[in-house]
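This report describes selected features of the structure shown below. Please have the sequence and the 3D view at hand while reading.

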Amino acid sequence: MSADLDELFTALGRQADSLPIGTAEQARDRGRRRTRQFAAVSVAVAILLAVVGVGIALRPPDHRAVPSVTHPFDPHTIPQVGSAIGLGEVAGAKLTTGDGRAYAAWIKAADNSLWLTAADLLTGTRSWSPRQIIDPHRALDRVVVTPSAVLVVTRSGDGSEPEVGLFAFDPKTGAPLWQSEAAASELVFAEGMLIRLDSTTGLTEGLDWATGERRWSLPSTGDRPVTVTGMATPADEARMTGQEPPQVFGDGRFVLVTKGGAVQVRDVASGSLRRTVPHVPDAGDAVVAYAGWLYSHDVAGRTEGPQRVRLTDLTGDAGSRAVSVPAGSFVALGACGADRACVITQAGTVSKVTAVDVRAHRVAWTTVDKWGGEGLSSANGWILVNGASLVLDRAGRTVYSSDLNTIWLDGKTLLVIAPDGSGRPAKLSTTNGKLTPIGASVAELNGNCTSTTDRLVCVATDDLRVLRVG
Amino acid sequence: MTGTSDFDGFYRDTSRRLTRYAYGLTGDPGEAQDLVQEAYARAWQRWRRLSGYEDPEAWLRLVVNRLSADRWRRLSIRRARAAAAPPPAPVEPPSEDVVLLVRAMRTLPATHRQALALYYLLDRSVAEIATETGVATGTVKSWLSRGRAGLAAALGIATTESEGAGHVR
């Protein structure tokens, strides 16, 4: 064989140059499909956060630069609690917080092994030693914590079955509790039960968080369930972090949508049926259940032209009605405060955020999002449109706008970057609009952070760090 | 530049380089093709914003970096592609040298692969790699040095280092 690296890489380059690649049109089509799929995915899948780097944070808001370019971690920024917890070089990570601890599941770049550990938020020290999860064939999907278990979810991305891996540990000690595999499934993380819908058979079952044992099951009958979601409530806002609504639902109800268009409101603890409400067939899975209402994309799969959001009363007698929103691609759907559903649509290069008054069945307001947002979340009357950052108040007025990422520290506070052009990140209170700088700058943190009211927890290149922000 | 024609021009000007980079990182033709299409799909989603960046091609490489890191754990989007598009055209089988180099690259940490791909496949200087990855030039030199050593070990041959590119004897 040839033994010169230049020659070897030249051969590799020649091979790469001979690869057929798609056309720009195919890439655009794929981008449109991703936008369409995001409406469904955004309901269930956490988005990685990117707290942008030193070089970018030193620029004023709205400066257009390459975002998220990796910068070395700068320890002289926001005060760190305890010492960095070594993880080895990290290829990917997911985090969550609960009960005074941060939980990090991560993939070691060196050997692709999957691990879980926990850190005490008060002291920044490791709560228990890392636990290895033996699951070499699936990707890390998320980590979720309830008082009974911290659960690592893995998924195969290539269609191989079983698609889902579940690995539960004791949150206090890290001791393994149970593990299982499952076919392609939708999962709802309710505080009282882990709910799983088998996407193929329609079998729905409730699993005990502590033991993994099945507590109830609902075999699919003729009209099989195709979508399951938890019931979000305003109380969930207190657990807001990152850029999405909380993963764990505190309400005692969950919702099944059947292929035939029925909406079933069921009890989390027993699976028993509380109510059935007519809906629309093939509504798709871009659905959000919030405070007794179901918001859904009325025309599943429609990517262009007129768009409607369907509002279905799950507890009262208001029925189900559709409201037209601006035409274009349907990008995202979410709850945005009491009696408000918000939707992002994009026509050409113009992206719009529209709030629908749920009880009045009409559009409350529409505003242009110059950053082209990809998802939204809401707490304490404010709405965060992520992608870049557009923060709106309940009336649709822009409170803050930047092409740098903004995250929820908690249900009442946002972490914004360089609001005054100084490069200093600040906390932005949704209660009084007050900005409070919290450090000299924020370093690139490898795109993985979670937070509480006074702690920002991030995975850097090769360690886990707890930062004091309150 | 904000429209379809601008995006298409950007694609035409940069896609071949990005394919080189993706292939260098993954060593898998199918993966590289898929990564490139996925990166441009994401670029098109935010093209209005991205087109204003100083270096949108660097943003694409960042996307490929992250996607390829996931790929090492088989987080494949091939299923979606298979459902939505015809399979790619057949590819000429790689030479023995390429196969061996790809195998060797797969033994390296992601940072070393990234540095080697930028250096050898995209002709980036150490300083340019340092700027793109946000680390000191000394770190880049270390990545390259350790990467070359790792390749040599995996290929079962000895190495000598020079200021620019290291060579394998």
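## An aromatic pair in chain B

B:Phe10 is buried, with a relative accessibility of 9%; buried means under 20% relative accessible area, exposed over 50%, and partly exposed in between (1.4 Å probe, protein chains only). B:Tyr40 is also buried, at 0%. B:Phe10 and B:Tyr40 form an edge-to-face aromatic pair, with 6.1 Å from centre to centre and 65° between the planes. Rings of Phe, Tyr and Trp (its six-membered ring) pair if their centres lie within 6.5 Å, and planes under 30 degrees apart count as stacked, over 60 as edge-to-face and the rest as tilted.

B:Phe10 belongs to helix 1 (residues 4-26) of chain B and B:Tyr40 to helix 2 (residues 29-45) of chain B, so the pair ties together parts that are 30 residues apart in sequence. Helices (H or I, at least four residues) and strands (E, at least two) are DSSP runs, numbered from the N terminus. Ring pairs link B:Phe7, B:Phe10, B:Tyr11, B:Tyr40, B:Trp44 and B:Trp47 into a cluster.

## Basis of the model

This is a predicted model, in which local features need pLDDT of at least 70 and side-chain atom pairs count only at pLDDT 80 or more, while totals for chains, interfaces and linings use all residues. Residues are numbered from 1 along each chain as its sequence is written, chains are lettered from A and ligands numbered from 1 in the order in which they are written, and side-chain values use heavy atoms, with hydrogens and water left out.

## Other rings and charges

Over all chains, the count comes to twelve aromatic pairs. The rings of A:Phe189 and A:Trp209 have centres 6.3 Å apart and planes at 35°, so this pair is tilted. A:Phe189 is in strand 10 (residues 185-190) of chain A, and A:Trp209 is in the loop between strand 12 (204-207) and strand 13 (214-218) of chain A, so the pair ties together parts 20 residues apart in sequence. A:Phe189 is buried at 4%, and A:Trp209 is buried at 3%.

Charges also sit over rings, a term used if NZ of Lys or CZ of Arg is within 6 Å of the ring centre and within 35 degrees of the ring normal. A:Arg28 lies over the face of B:Trp44, 5.7 Å from the ring centre. A:Lys108 lies over the face of A:Trp115, at 4.3 Å from the ring centre.

## Helices of chain B

Chain B has nine helices and two strands, in the order α-α-α-α-α-α-α-α-α-β-β along the sequence. Of its 169 residues, 54% are buried.

Helix 8 (residues 126-133) of chain B packs against helix 9 (residues 137-155) of chain B at an angle of about 105°, with the axes 8 Å apart. That makes the two helices roughly perpendicular (angles under 35 degrees count as roughly parallel, over 145 as roughly antiparallel, 65 to 115 as roughly perpendicular and the rest as oblique). Axes are lines fitted to C-alpha atoms, for helices over the stretch in contact, and angles run from 0 to 180 degrees between N-to-C directions.

## Two strand residues in chain A

A:Thr97 lies in strand 2 (residues 90-98) of chain A and is buried, at 17%. A:Ala104 lies in strand 3 (residues 101-108) of chain A and is buried, at 0%. The C-alpha atoms of A:Ala104 and A:Thr117 are 5.5 Å apart in space, and the two residues are 13 apart in sequence.
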